Amino acid sequence: MDLETLKAVLKPNRIVEDQQIISGFTADWTGRYKGHTTALALPETPLEVAEILKWCSNNKVAVVPQGGNTGMVGGSVPMHGEMIISLRKMTKVEFSENSVGQLIVEAGASLASIQEKSLEMGWMFGIDFTARDSATIGGAIATNAGGNHVIRYGDTRKQLLDVEAVTGLGVIVGGVRGLVKDNTGYHLPSLLCGSEGTLAIVTRARLRLWAKPDERVVVLFGLDTPEEALGLIEVFSRTSQDILACEIFFQNGVNLVSNLFGLETLWEGKHSTYLLLEFAGGNGVMDRLNTGACGELLNEFGSIAIGEGKANRSRLWSYRSLHTEAISSSGIPHKIDVTIPHNQFLDFFQRINSVVKRCDSNAETYLFGHAGDGNIHVNVIGPGENDLKVDEAVLEFVASLGGSISAEHGIGRAKSKYLHLRRTSEEISLLKKLKGVFDPAGILNPGVIFPE
Ligand code: FAD
Ligand code: MLT
Ligand code: ZN
């Protein structure tokens, strides 16, 4: 890559060639994907992103867009020496004065900074997950990230009113105009949300916010079967308007978390299954929970922990949210993020262990996830990094149940060769044609979504 002509059109320091700095951007969070490159671009404005992409397209230089590099499917790693375009320098978050409850953000703003600004202005942002301090809104839009509050507010696509992005040709499209209703042909925000950096680089967005709850309450149930958890999910989803999160996890994950982080054992380890529910709303959340069908259930169960204050809520959440880190500390996991139709959930839970064991009898399977959305993270420790038998078997099993091979993490590089399990060949060919329109030179994230 001869970068001199690119550097000539940019301000100084926008292109980094120092390998010591670059090495902080070339491996993914899980440790599974390790790439390399000679160039890292750090643009500070949408126009600079456009200049860089124009140059890359003219010079046939492939690029990997990158936000916080917390992705789980290898989409932000330059596996073949692509230039990294990092949005980390574009972090502005502004409350929009000409609308009700909207933010205008730059792509590199972290989720935490967006949550903080929303609360400061008396509102709530609808997306939350553990990587909030590092993950960027550009990455969340690119992956259509989900997380803990989808059951209430929907995924990232549902928060996105407008988006500004730069196509593979270096053309700026869209904007941050953000009318709530705007039916003027194809909806660019929907199209770019979930496109994983293959159609355009997101530079700015306009986000909708929600009313800020007055109170939040966390309830953790210790249960003996997934069936019991499914019953509770059904009742609480139907009867509580305050439900905010609905998470499931199991004893082997809790053991890992408790040992690594020194957390107290839950109910002497006598339960196999845990369901964590969070409720949020106007004053009186606990009183509302104590009435009707919810109240009966709360009284009926022996193993229940309730967290009302912030410290107690986050203590209960830590058993769930520390799973990712605890599992990674015991090896490089095969991370298989899937959705299961609600009516197939029991079958899934009954058979998933044997599906894994058939591939590797020594493998350890950790299951956790956003049960209210049917989204389970199947994490398998044991099989070698390049031994994909288990990934293939789990994805085929999920597809056979009518589920999706990617619930919220995207396809990335990890699942590109399995796309056919969820999409027809006609759909894949249409999606590829769309990519050709946005990125005729094929420079944007080659190998992501579609196999190389
Ligand atoms: P990156 O990892 O940098 O990139 C992800 C993808 O988006 C890549 O394909 C990249 O090329 C593309 N991309 C990044 N920025 C842009 C841009 N500006 N324009 C175009 N393309 C871009 N995800 C969930 O959905 N739900 C969870 O609950 C969740 N929990 C997590 C917990 C932990 C501890 C960790 C480490 C990760 C978790 N994730 C979760 C995964 C990850 O955080 C999300 O996928 C997040 O949206 C990625 O954001 P990022 O800024 O780190 O993007
Ligand atoms: C989570 O829900 O914790 C995440 O999606 C991260 C993971 O899958 O490990
Ligand atoms: Zn998740």
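User: How many residues lining the second largest pocket count as nonpolar, polar and charged?

Analyst: The lining has 13 nonpolar, 12 polar and 8 charged residues. Ala, Val, Leu, Ile, Met, Phe, Trp, Tyr, Cys and Pro are taken as nonpolar, Asp, Glu, Lys and Arg as charged, and the others, Gly among them, as polar. The model is predicted: local features need pLDDT of at least 70 and side-chain atom pairs pLDDT 80 or more, while totals for chains, interfaces and linings use all residues. Residues are numbered from 1 along each chain, chains are lettered from A and ligands numbered from 1 as written, and side-chain values use heavy atoms, without hydrogens and water.

User: What makes Arg 157 a lining residue?

Analyst: Arg 157 is among the 33 lining residues, and one of the closest to the pocket centre. A lining residue has an atom within 4 Å of a pocket point, on a 1 Å grid over the protein atoms alone; a pocket is an open set of points where a 1.4 Å probe fits, with protein on both sides within 12 Å along at least five of seven lines. Arg 157 therefore meets the 4 Å limit.

User: Why is the pair between Thr 70 and ligand 1 called a polar contact?

Analyst: A polar side-chain atom of Thr 70 lies 2.6 Å from an oxygen atom of ligand 1. A polar contact is a pair of N or O atoms within 3.5 Å, so the pair qualifies. A backbone N or O atom of Gly 75, at 3.3 Å from a ligand 1 oxygen, is also inside that limit.

User: Which element gives the largest share of the shell around ligand 1?

Analyst: H5 does, with 5 residues.

Note on methods. Polar contact = N/O pair within 3.5 Å; in protein donor to acceptor, adjacent residues only side chain to side chain. Helix = DSSP H or I, 4+ residues; strand = E, 2+ residues; numbered from the N terminus.
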